[in-house]
Amino acid sequence: MLDTVAAAFSPSGVLSAAEPAFRPREGQTQMALAVAQAIEDSAVLVVQAGTGVGKTYAYLVPALYSGQRVLVSTATKALQDQLFARDLPRLVHGLGLPLRMARLKGRSAYLCVERLERVRQGRTAPQDPQVLRQVAEVERWARITSTGDMAEMVALDERSAVVPLVTSTKDNCLGSDCPHWQGCHVNQARQQALEADVVVINHHLLFADLDVRDSGVAQLLPSAGVVVVDEAHQLNDTGVQFAGEALSSQQLIGYARDALRITQEHARGMADWLVLCATLEQAVRELRLQAGQVPAGGRLPWQAVTPQGLDATLWRAALVRLGQSLRALLKSLALMEAMAADLRRLYERGSELLVRLARFAAAAEEDSVRWLEVGRQHLRMLESPLSIARIMQERLLQRSGDEIQAGLTQTRMHKEYAHRANVLPEPDLRKSCQETDSAQRNTDEQKSWIFTSATLGNDAQLSWFTEPCGLRGARVLTVDSPFDYPNHAALYVPQAFAAAGSAQHSQQTAQLVLDAAQRIGGRTLVLTTTLRALQAISESLRTALGLFADLDVLVQGEAPKLALVERFTAAGAARSQRGAILVASATFWEGVDLPGDVLQLVVIDKLPFPPPDDPLVEARSRRLESVGRAAFHDYMLPEAAMALKQGAGRLIRSETDRGVLVVCDPRLLNKSYGVELIAALPPMRMLGSAQEFEAALKQLTQPLEQAG
């Protein structure tokens with residue numbers, strides 16, 4: 001297969017013939033051959049591929065040529081849709097392979113016909129006229145859709161109140177008792193995935209299946225010979241989220257209200273349901289009262305049995321009352337759960353909530369962290385493992401760390417030993433090795449795992465990713481970006497700035513953004529590390545610009561992410577139009593692709609260190625220090641480096657892109673650790689003064705040929 005893959009990426013290969021724009025790239029071919037070898041050896045491979053390498057084709061070509069079932073997992077539904085709708089069809093057609101493809105999402109991504117009918121019949125109908133209009137749009141679409149994928153409704157915001165009304169969850173799905181079971185969109189999607197040669201899922205779906213067996217992946221994973229995890233840098237955070245436990249007051253209140261509705265429908269008069277449900281809801285509210293005022297950051301560490309700062313006696317008493325009220329409701333439900341499927345599911349759902357509540361009433365498990373999120377009206381109890389290493393090894397990869405290491409050297413050692421002993425002549429030796437490796441694969445039934453992203457670490461072993469994910473000993477490859485960063489990108493760190501995080505710092509950042517954006521006609525993305533900074537910078541910009549300026553200020557949270565990106569792209573498409581500044585945080589640090597002249601300036605307000613008061617950060621820091629390691633150097637600094645690299649990656653997205661990255665944090669140059677952070681960035685040229693910065697901005701307004 002190595003020869004076949006190498007030929008596909010050659011100047012005269014099938015990719016060049018299928019796509020006129022294709023040009024062979026050394027890094028892409030190197031990655032593709034490494035993936036092919038890992039598939040041949042049923043090995044675990046971790047690849048850090050810089051922006052522009054073309055990693056999607058580099059892993060898809062050998063995976064498709066392998067002849068095995070392929071499972072590709074992505075971090076976002078957006079990339080999942082791009083792979084399924086664009087990249088895979090083009091590649092399958094270009095390679096001339098008769099492969100069946102499928103895309104599988106979580107249950108809540110598909111229309112539930114039964115729940116839509118309940119809304120239509122008025123049983124769960126909303127009162128808001130705007131929501132009712134959106135329901136009508138869903139009804140019209142439901143008549144013509146063949147997949148039921150809610151993403152087909154482009155105009156419908158995924159945060160809309162309609163979505164939970166017309167989609168199902170594990171808790172409220174009727175299962176085989178549903179009158180629409182045969183035509184269920186979720187079941188059809190899962191069946192298509194089982195019949196396909198290539199299936200595209202997302203990380204949430206991959207981990208959700210570990211415990212609840214509700215995503216459909218449980219049947220897919222054993223039959224896949226090749227598993228590719230793209231955007232693998234998000235794997236640990238996603239895995240920690242799903243491997244942990246969570247219980248919120250919204251869940252409990254929602255359960256109480258669902259219980260009242262369902263019991264009134266199926267068991268009216270058989271118990272005092274109104275009192276039972278009201279008592280449960282009141283107990284939930286009392287627990288929230290015991291949490292007190294909303295703390296800074298909204299989180300309370302929870303190292304012992306009681307969250308930090310709360311009265312242990314009062315908190316325990318509130319938990320006991322909550323457990324008693326939930327148990328009383330379940331006791332009545334247990335007597336009549338056999339009367340209706342809805343009652344049976346309600347009982348099972350309540351039993352699961354009670355088990356979860358009992359877990360939070362006891363001490364946290366070892367190697368885990370627990371905390372309490374407190375809002376104005378609600379609270380949420382959470383517990384998560386500190387890493388997913390054990391889960392990855394034992395439950396997902398289904399092999400130990402020693403086996404991963406052994407897979408790295410098994411074939412090499414076998415061949416070297418036989419050759420030194422002169423047991424076999426070379427041709428027979430090769431055949432023997434192939435037969436032994438094949439037999440080993442058949443015995444172990446181990447699949448090939450490929451993990452890839454543009455940001456996985458700075459050291460040779462990519463430890464930032466491999467250690468928490470339990471992949472120490474896996475094969476590792478780093479392929480640098482082919483982009484000409486020294487000539488096309490520059491880094492500027494202004495020195496005369498206030499302390500990062502202060503109000504004055506946000507004002508100074510806003511002024512720099514305003515001056516620079518006016519020079520280049522917008523085309524500016526501002527990435528903040530906190531929502532407070534996002535609000536301060538955006539408000540300052542809007543105040544300074546007024547209503548009739550030539551620049552529009554777009555702010556995360558005021559519209560869906562896709563809509564903001566589309567408006568920003570349209571504003572930058574023609575210099576004669578009104579320009580735009582996009583101020584964002586969180587998800588905009590990655591997964592935003594704005595190639596060409598649409599984006600020419602990226603401003604990061606301060607170094608993205610993890611918040612030290614975050615319970616998960618605190619717990620991981622304590623764990624490192626307990627074994628003699630330095631939390632700042634071994635955890636905080638690598639985390640900041642990877643986040644900074646992700647943010648900087650928004651700037652240059654194609655070979656002709658030009659731009660300037662501004663980090664408004666003098667610590668990048670003044671502190672000793674700044675050297676490590678700069679080393680994590682692409683090799684941009686440094687701008688040493690405000691005059692050089694202004695000259696670089698002026699250069700961006702010139703045509704590429706003239707600027708060069």
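Guide: Buried means under 20% relative accessible area, exposed means over 50%, and partly exposed lies in between (1.4 Å probe, protein chains only). The model is a predicted one, in which local features need pLDDT of at least 70 and side-chain atom pairs count only at pLDDT 80 or more, while totals for chains, interfaces and linings use all residues. Residues are numbered from 1 along each chain as its sequence is written, and side-chain values use heavy atoms, with hydrogens and water left out.

Visitor: What makes the pair of Asp41 and Arg475 a salt bridge?
Guide: A salt bridge requires a side-chain nitrogen of Lys or Arg within 4 Å of a carboxyl oxygen of Asp or Glu. The closest N and O atoms of Asp41 and Arg475 are 2.7 Å apart, so the pair meets the rule. Asp41 belongs to helix H3 and Arg475 to strand S11 (residues 475-479), 434 residues apart. Helices (H or I, at least four residues) and strands (E, at least two) are DSSP runs, numbered from the N terminus.

Visitor: Is Arg475 buried or exposed?
Guide: Arg475 is buried, because its relative accessible area is 17%.

Visitor: What do the side chains of Asp342 and Arg118 form?
Guide: They meet in a salt bridge, at 3.6 Å from N to O. Asp342 lies in helix H16 and Arg118 in helix H6, so the pair ties together parts 224 residues apart in sequence. Asp342 has a relative accessible area of 12% and is therefore buried; Arg118, at 13%, also counts as buried.

Visitor: How do you know that Arg115 has no salt bridge?
Guide: Arg115 is buried, and the nearest side chain of opposite charge, Asp258, is 7.0 Å away. Lys and Arg count as positive and Asp and Glu as negative; His and the chain ends are not counted. The limit is 4 Å, so Asp258 does not qualify as a partner. Arg115 is in helix H6 (residues 113-120), and a polar atom of its side chain lies 3.0 Å from the backbone oxygen of Pro164.

Notes: Polar contact = N/O pair within 3.5 Å; in protein donor to acceptor, adjacent residues only side chain to side chain.
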